[in-house]
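Please consult the sequence and the structure as you read.

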Amino acid sequence: MNQVFVGISELYTPQNRLERAAFAVQDGRFVWVGAEAELPEAYHLWPRTDLGGHGVLPGLVDAHTHLVYGGDRLGEYLQRARGESYEAILAAGGGIYSTVRATDAASEDELYEWAQARAQIFLTQGVTAIEIKSGYGLLPEAELKMLRVIRRLEEHLPQHVFATLLAHVIPKGWEREKYVEMFCQELIPEVAKTGLAEAVDVFCDEGAFTLDETRRILEAALSHNLRIKLHAEQIAHTGATRLAAALGALSADHLEQTTPADWEALAQSGTVGTVLPGAAVILRKPFPNARAMWDAGVRVAIATDHNPGSSPLYSPWLGMQLTASLGRLSLEEALLAHTENAALALGRADLGKIEPGARADFVVVDSPHALMPLYHWGHTPIHAVYVGGRPVFPTG
């Protein structure tokens, strides 16, 4: 399908800003981007869509979510608001373990329907690519159940979906050594064989997996040609960020407790540093120093970390606004962090940007000013969302 889009008042690629722009799309990818007045003659006879003087941004990429789960944790949210800590709730059998029980009690059809509804909320806000982790199953069959739901979402959602197998916590009643051995020798090989996930993630932190256990799991993943990423330095400083860099992980995520030495390691390795504003603010943890990371040469990404406990956040725009306000990024940098850099955290250099060769995923803003959604707190003026050059919201 060939199509030319004109009538764009302002366009962020996101690396560059263009006025009175246009672009051409062929077979779901951008083939030309520039000023409308400079549209090459080769595209003059292609069908045109006039975007009516609206601003345009790349499709947003959410590179860290836990979108498949059962139940909610409103009670825990109320506890934390009264001053109880996340760590204490987890140690008492709540937190992640509460969601594990609710997820186990739900059928695959129920989990699919609930996750599909959540994904639709993200789509209406311009999220055109989304990573979804397992991790609320813990036991082998329960983890595979979650991954099957994610596969079904991948087949039916308009967004690009990326599945990640997550080693979250040790199940109650399991010996640590036996669980890590099972994860490495049974679950990872099965996931690799069936292709149910593209990457493996480990929650390396206080109350979860140790640094040595994390290394074992990640090396097992690499031996089966799966990509790797980490939950790193959220609650305590464990050395997980430097392990991520040393092993060539796609990303190290959270980073609340990171140091300049960690940032240097990320910058040198090219591993993306993903900040999760929702979790930092909701858990009242130090906000990741996104400004210092960026200035140190780290490719900084932003993600919602949507989950029922530590980050029941549905708004990537709020995440960007918080990172601009508390992490001291500019709005243009925050946009880059939730588009092009976030795509790199998924290993996809062809997403999150508007340039020839990239996937034609873009957001039409309900304003001539493309950055208006970052100016309005609590209201997201989105006019339309396109994936592969086709409208998926509101007409999809």
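How many of the ten residues of helix α12 are buried? The model is predicted, and in it eight of the ten residues of α12 (residues 316–325) are buried, so that the helix is mostly covered. The buried residues are P316, W317, G319, M320, Q321, L322, T323 and A324.

**A pair of helices**

Two packed helices are described by the angle between their axes and the distance between the axes. Helices α8 and α9 pack at an angle of about 15°, with their axes 9 Å apart. Because angles under 35 degrees count as roughly parallel, α8 and α9 are described as roughly parallel to each other. Their crossing is left-handed. The table lists the residues that make the contact.

| Helix | Range | Residues in the contact |
|---|---|---|
| α8 | residues 240–247 | T241, R242, A245 |
| α9 | residues 260–269 | A261, D262, A265, L266, S269 |

Seven strands form an open sheet with mixed pairing, in the order β3-β2-β1-β4-β13-β14-β15. At the edges stand β3 (29–35) and β15 (390–393); each has a single partner strand, so one side of each is left without a neighbour in the sheet. From one strand to the next, the twist averages 40°.

Strand β14 (residues 382–387) is joined to β15 by three bridges, and the two strands run antiparallel. V385 has F393 of β15 as its bridge partner. Across β14 and β15 lies helix α4 (residues 108–124), which runs at about 120° to β15.

How values were computed: Residues numbered from 1 in each chain as written. Predicted model: local features only at pLDDT ≥ 70, side-chain atom pairs only at ≥ 80, totals over all residues. Heavy atoms only, no water. Axes fitted to C-alpha atoms, helices over the stretch in contact; angles between N-to-C directions. Helix = DSSP H or I, 4+ residues; strand = E, 2+ residues; numbered from the N terminus. Parallel < 35°, antiparallel > 145°, perpendicular 65-115°, else oblique. Left-handed = near helix turned anticlockwise from the far one by under 90°. Contact = heavy atoms within 4.5 Å. Buried < 20%, exposed > 50% of the residue type's maximum accessible area, 1.4 Å probe, protein only. Pairing = 2+ DSSP bridges.
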